[in-house]
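Please open the structure in the viewer and display it as a cartoon.

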Amino acid sequence: MALRMWASSTANALKVSSTVSRTNFSPAFSISRCFSTVLEGLKYASSHEWVKHEGSVATVGITDHAQDHLGEVVFVDLPEAGTSVSHGSSFGAVESVKATSDINSPISGEIVEVNTKLTETPGLVNSSPYEDGWMIKVKPSNPSELESLMGAKEYTKLCDEEEVH
C-alpha cells in the first residue's frame with residue numbers, strides 16, 4: 001500500500017497520467033515546476049494565495065503549490081458575499097485529509113461573489129486551483145495592495161526555496 005501511495009504521488013508530481021487527453025495550461029502562460037504550476041498574469045502572496053485582477057473585481061484562490069501540500073481537499077469554509085476582507089487576514093479555511101489551513105486574503109475589499117460549487121465539490125481546489133477552484137471575488141478597496149504581491153517568477157523562487165528547507 002505504501003508503495004502504491006508513493007507511486008501515485010510521484011506520478012502526480014511528475015504530471016504523469018493514465019488518461020491520454022488531459023487539459024494542460026499552455027507553456028506560454030505557465031511555469032511548470034516539479035510539483036506545481038504557477039501561472040503568468042496572476043499575483044501571488046507568500047501565504048500561497050493567488051489573485052487575478054480584472055476590471056473592478058479580483059478573483060482569489062489558493063495556489064497549485066498550496067493544494068499539493070494540503071493533499072485531498074474535503075471541505076472548504078468560505079464567508080458570505082457582502083463580507084469585508086482585509087489584506088493578510090484569514091477569510092476562510094480549507095480542510096484536507098492532512099490538515100486544516102486558514103486562507104488569507106491577499107487584498108482588502110468587499111466580497112462580491114463566493115464559489116458555491118466548492119460546498120458540493122471541494123476537490124475542485126485540487127483538480128483546478130486556478131479555474132474552477134477559485135474561492136472568492138473581491139471588489140478591492142485598495143488596489144495598490146496588488147503591487148506588494150509577487151509575480152510568477154518571484155513566487156516560483158519562493159516555492160523552490162521552501163522545498164529546499
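In what order do the strands of the open sheet of six strands lie? The order is β3-β4-β5-β11-β10-β7, and the pairing is antiparallel. Select β3 (43–44) and β7 (84–85) at the edges: each has a single partner strand, so one side of each is left without a neighbour in the sheet. Strands here are DSSP runs (E, at least two residues), numbered from the N terminus, and two of them pair if DSSP finds at least two bridges between them.

This is a predicted model, in which local features need pLDDT of at least 70 and side-chain atom pairs count only at pLDDT 80 or more, while totals for chains, interfaces and linings use all residues. Residues are numbered from 1 along each chain as its sequence is written, and side-chain values use heavy atoms, with hydrogens and water left out.

Next, select residues 49–54 (β4) and 57–62 (β5), which pair in the antiparallel sense over six bridges. Within this pair, H53 stands opposite A58 in β5.

Now select K52 and E54, which form a salt bridge (a side-chain nitrogen of Lys or Arg within 4 Å of a carboxyl oxygen of Asp or Glu). Their closest N and O atoms are 3.7 Å apart. K52, at 37% relative accessibility, counts as partly exposed, and so does E54 at 48%; the term covers values between buried (under 20% relative accessible area) and exposed (over 50%), with a 1.4 Å probe and protein chains only.

Finally, turn to the open sheet β6-β8-β9, whose three strands pair in the antiparallel sense. Strand β8 (residues 90–96) and β9 pair over five bridges, and G92 stands opposite I103 in β9.

Definitions and conventions:
Helix = DSSP H or I, 4+ residues; strand = E, 2+ residues; numbered from the N terminus.
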